[in-house]
Amino acid sequence: MKLIIAIIQPYKLEEVKEELYKADVNLLTVSEVLGHGRQKGVTEVYRGARETGNLLRKIRLEIAVNDNFLEPTIKAIAKGAKTGETGDGKIFVLDLKECIRIRTEERGAIAIG
Amino acid sequence: MINAGDTAWVLMSAALVLLMTPGLAFFYGGMVRRKNILSVLMQCFIIMCVLSLQWVLIGYSLSFGPAKGFWGGLQWFGLNGVGLAPYADYAGTIPHQAFMIFQAMFAIITPALIIGAFAERMKFSAFLIFTLLWATFVYDPLCHWVWGMGGWLRNLGALDFAGGTVVHINAGIAALVMAIVLGRRNNLEKNVPAPHNMPFVVLGTALLWFGWFGFNGGSALAANGLAVNAFVVTNTAAASAGLSWALIEWMRGGKPTIFGVCSGAVAGLVAITPAAGFVSVVPAIIIGLLVSVFCFIAVTAIKPLFGYDDSLDAFGVHCVGGIWGALATGLFASKLVNSAGANGVFFGNPKQFLIQLFTVGVTTVYTGTVTFIIYKLVDIFIGVRVDDKSEAMGLDLTQHCERAYTILE
């Protein structure tokens with residue numbers, strides 16, 4: 001079992017979701033986060049004052065998958081999130097020790113899907 | 001002869017009607033996704049700026065000027081000759097400029113209503129040019145035909161007390177055209193976006209309801225019994241339509257929703273608008289109860305069936321509600337309410353219904369055609385729709401470099 005954490009551009013979320021559905025991955029957690037990016041942020045202007053701080057808005061996805069779903073999920077995220085420019089984000093893959101479905105207390109691979 | 005009471009009421013009403021545009025901004029703004037709320041508020045506010053100027057420079061003259069024909073002419077360019085003495089053809093007891101500024105507020109809110117159809121995907125520059133052209137080539141002529149002295153629909157006997165045709169059907173048809181030609185927003189298939197701030201929708205509805213007393217009550221152009229009639233039936237229709245929408249939701253097995261009550265109340269206000277000065281209170285209840293049925297069908301059945309993306313239901317509420325109101329005026333109008341009006345079908349004058357129907361037809365054809373032409377022109381020269389990336393990022397950031405909400409301080 002693996003836990004995939006991906007940081008993507010906020011405006012790419014819809015496309016990533018689309019790709020994930022196509023790959024039959026329907027379970028994910030999404031949160032809005034701020035992070036230090038390598039690229040310059042979106043410029044905002046308030047009464048003439050420019051704001052280009054490098055804390056950028058990103059979307060963080062967390063997806064727990066069984067090993068056979070790992071590659072399709074990574075491909076789907078990359079396909080949906082890629083623009084080819086800096087700032088497209090990162091995908092992290094972690095070993096997942098355990099997964100428990102609260103309703104039934106099932107454990108392991110069966111609890112993920 | 002200027003009457004102080006009349007003047008005070010009309011000026012107060014003008015202020016009430018102005019407040020409807022920011023009210024509409026919140027009504028619509030609450031319905032869009034949070035990345036687009038500023039764009040909607042901005043579109044409504046900039047219309048207040050741009051059309052206020054257009055109106056005093058040319059709009060009022062084109063709409064209400066003394067010339068006969070397509071437009072009222074440019075004799076009153078820059079309010080030349082529109083002074084502080086009454087102009088008896090329109091309102092004999094208030095300064096001419098009081099009538100002018102009251103009408104200005106109608107010219108402002110009408111194009112603002114169309115925003116509901118193209119929300120979340122229109123380029124700001126294109127929106128500005130579209131709005132200015134639309135006000136000049138659609139609103140002003142139609143206003144002249146229906147309300148202007150010598151306007152041909154007015155001479156025909158069409159009844160439109162406060163703008164069911166000129167404001168609501170007009171904006172609603174334009175909305176339908178824009179929704180169709182502009183196309184659907186991206187990524188709608190999997191999930192139709194939920195309104196991002198329902199309390200804003202409620203706030204906007206409250207401001208609209210409040211402002212509508214000026215819209216309809218002020219259209220009596222005097223502080224008199226007719227204004228009171230309009231005030232009472234306006235409140236009655238809004239109330240019955242809000243209730244009726246909630247009951248429809250409930251009876252269909254769902255829960256009654258605040259969004260439903262708000263949609264119904266606005267639909268009721270739209271429907272009573274043309275009738276407010278011609279019908280009494282029982283017809284107002286019927287008009288209100290039924291408008292929610294028609295609008296509910298329009299937004300929950302007809303829209304999905306044809307697949308046009310009238311994002312915030314500008315057509316489904318304003319045009320459908322407006323047409324019902326215009327036709328209901330032909331059914332329920334009574335000279336007992338307003339001796340200067342006419343009788344409707346139920347008071348022995350079926351011809352009035354046909355006149356109302358004809359007026360709806362003329363508006364549909366004229367507004368539909370010219371809106372399409374204006375869209376095409378703007379699209380050829382600067383492009384109307386934002387690119388996919390801007391649409392995905394939201395119009396607040398890409399069109400205005402601003403965000404409505406922060407995550408951290």
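**View 1. A:Leu3 and its partner across the strands.** In β6(A), A:Leu94 is the bridge partner of A:Leu3. Welcome to a predicted model, in which local features need pLDDT of at least 70, side-chain atom pairs count only at pLDDT 80 or more, and totals for chains, interfaces and linings use all residues. Residues are numbered from 1 along each chain as its sequence is written, while chains are lettered from A and ligands numbered from 1 in the order in which they are written. Strand β1 of chain A (residues 2-8) pairs with β6(A) in the antiparallel sense over seven bridges; strands pair if DSSP finds at least two bridges between them. Strands (E, at least two residues) and helices (H or I, at least four) are DSSP runs, numbered from the N terminus.

**View 2. The open sheet of chain A.** Here four strands line up in the order β2-β5-β1-β6, with antiparallel pairing. β2 (29-36) and β6 (89-95) of chain A each have a single partner strand and stand at the edges, so one side of each lacks a neighbour in the sheet. From one strand to the next, the twist averages 25° (axes are lines fitted to C-alpha atoms, for helices over the stretch in contact, and angles run from 0 to 180 degrees between N-to-C directions).

**View 3. Where chain A touches chain B.** In this view, 10 residues of chain A are in contact with 10 residues of chain B (C-beta atoms, placed from the backbone, within 7 Å). On the side of chain A that touches chain B, β3(A) gives the largest share, three residues.

Notes
Two residues are in contact if their C-beta atoms, placed from the backbone, lie within 7 Å.
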